[in-house]
Amino acid sequence: MSTVQATNVTCPHCGRKNRVPVSAEGHPRCGNCKQPLPWMADAGDDDFTEVVEQATVPVVVDLWATWCGPCRMVSPALEKVAADLAGKIKLVKVDIDKNPRLAQRFEVQAVPTLLVLDKGQTIARQAGAAPAPVLRRWVEQSIAGREPAGKG
């Protein structure tokens, strides 16, 4: 049984709403203007492999908790980074309280913990919140050396 989960994303270029699957190859583009769309999804213990590890673009993983003030502050900054780097990264949020296996696997000791995964391998990690320009620089530096997955 495979039900494709999707989120609705408004294109920042033309304003058209698009259904974006949480897991797919390549990266999403607007069905109207063909520009890259920000790719954001949630993942958990049961679908992390499909949503994150099988992604063909680097994935910024936000390990967060609902009770965490800094997590709520960093969320809009991460969404801005995902929008700014549309077509280059995927942002995936993981609530550690609902997904204890992932919290244990990544040895989360503080939230938010941010990871950059490329082809399932952790290539960067940091704990704590930061403003969008700092996060964008961190993500860009983290993915700078990776081989592109091809033109999508």
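**Exercise 1.** Find which residues of the largest nonpolar core touch the most other members.

Solution. The largest nonpolar core has 24 residues, and Phe48, Val52, Val61, Leu63, Val94 and Phe106 touch the most other members. A nonpolar core here is a set of buried Ala, Val, Leu, Ile, Met, Phe, Trp, Tyr and Cys residues joined through side-chain atoms within 4.5 Å. Helix H1 (48-53), strand S4 (59-64), strand S5 (90-95), helix H3 (100-105) and strand S6 (113-118) each contribute at least two residues to this core. Helices (H or I, at least four residues) and strands (E, at least two) are DSSP runs, numbered from the N terminus. S4 gives the largest share, 4 residues. Another core, of 18 residues, lies apart from it and includes Leu91, Val116, Ala132 and Val139.

The model is predicted: local features need pLDDT of at least 70, side-chain atom pairs count only at pLDDT 80 or more, and totals for chains, interfaces and linings use all residues. Residues are numbered from 1 along each chain as its sequence is written, and side-chain values use heavy atoms, with hydrogens and water left out.

**Exercise 2.** Describe the setting of Thr10 in strand S1.

Solution. Strand S1 spans residues 6-10 and contains Thr10. Thr10 counts as partly exposed because its relative accessibility is 40%; buried means under 20% relative accessible area, exposed over 50%, partly exposed in between (1.4 Å probe, protein chains only). Leaving out residues up to four places away in sequence, Thr10 touches Gly15, Arg16 and Lys17, where contact means heavy atoms within 4.5 Å. The C-alpha atoms of Thr10 and Val60 are 20 Å apart, with the two residues 50 apart along the chain.
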